[in-house]
Amino acid sequence: MKSAIIGLGVIGKVHYDVLKSQDADIVALCDVDESALDKFDGVKKYSDYKKMLDCEDIDVVHICTPHYLHADMVIYALEKGVNVLCEKPLCIKEEDIERIVEAESKSKAMLGVCLQNRYNNSSRFVKQLLEGKKVDFAFGNVSWHRDEEYYRTGAWRGKLETEGGGVMINQAIHTLDLMQWICGAPKSVCANTYNYSLKGIIEAEDTVIAMFKGDTDFEFFATNTAKSDLPIEIRFISGGDIITLYPDEVLVNGKVADIEHCMKGYGKISYGNGHEKLIKDFYDCVARGEKFWIDAKEGSACVRQVLAAYRSNGQEVLIRL
């Protein structure tokens, strides 16, 4: 199959490296910063994604652009009949979720959302371990470090209109997605957001505390104010057992579970090691003509939950379905 990538920033390069490792036929690349394309040889290069999709014969396009651009790009590709693999978050506005779902339903092409931490061996072990069991409660903790220098790397970062929020919709959305995937989608949330260390630098939050309620209630804490990135930790309580999920390790009642460790990854350590597995799975689904499981509905669930948390302002609000 013929592949293309829109956006050759940090995450776009991860997709490029994974595709090259899988011997994909990358036929075109697109970035509005043409200098970002200089290091890539043997491909067509574009600064206009619509022109690329109009002119090239592409089977799968990877969308790796800033958040606010995702919705229109996804919809345009689907309308052109091109299969789309979109980085998280799928979009940053509820009305765009509906637009994407409609475009997906009308298209012959397939949409996938890159929530790669579902492919970590540790995540899959916990998902299987708790399958069919009652999870009584869960707590997730994301404590990372992002400073002014980080937010200066892209004019879209930290702005509500272009990033959609702060730590919750960007760094912590993968952890929230894992929690709702394992615990079940919550029905309501009560949340507060704060800006402790980045006032005057970003418009959005650097810290959030949220209580999600549903069949399983779970609490969620995320911050960008830590002095350095700490390992993400999710604890599940089920029938007296405490299962602790880390990016590449699981503890069951304090004992290390016997799982295959796989720390090979691409890009930042915080990205985990799921990109390679997810991308291969998506291409296999396209090849077989089978629907990819993290589609618009599945991939937008965590976005709806984040947006509800932003609406909450300390009050319990329903999560729109």
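Visitor: Which residues form a nonpolar patch on the surface?

Guide: Tyr194, Tyr196 and Ile209 do, with about 300 Å² of accessible area together. Patches take residues with over 30% relative accessible area and no salt bridge, joining like charges within 9 Å and nonpolar side chains (Val, Leu, Ile, Met, Phe, Trp, Tyr) within 5 Å. A salt bridge is a side-chain nitrogen of Lys or Arg within 4 Å of a carboxyl oxygen of Asp or Glu. Areas come from the Shrake-Rupley method with a 1.4 Å probe; for residues, only the protein chains shown count as cover.

Visitor: What sort of model is this?

Guide: This is a predicted model, where local features need pLDDT of at least 70, side-chain atom pairs count only at pLDDT 80 or more, and totals for chains, interfaces and linings use all residues. Residues are numbered from 1 along each chain as its sequence is written, and side-chain values use heavy atoms, leaving out hydrogens and water.

Visitor: Where is Tyr196?

Guide: In the loop between strand 8 (188–194) and strand 9 (207–213). Strands (E, at least two residues) and helices (H or I, at least four) are DSSP runs, numbered from the N terminus.

Visitor: Buried or exposed?

Guide: Tyr196 is exposed, at 54% relative accessible area. Exposed means over 50%, buried under 20%, and partly exposed in between (1.4 Å probe, protein chains only).

Visitor: New topic: which residues does a cis peptide bond join?

Guide: Lys88 and Pro89, with omega about -15°. Pro89 lies in the loop between strand 5 (83–87) and helix 4 (94–106).

Visitor: And what is phi of Asn313?

Guide: Near 55°, a positive value in a residue other than glycine. Asn313 is exposed, with a relative accessible area of 64%.
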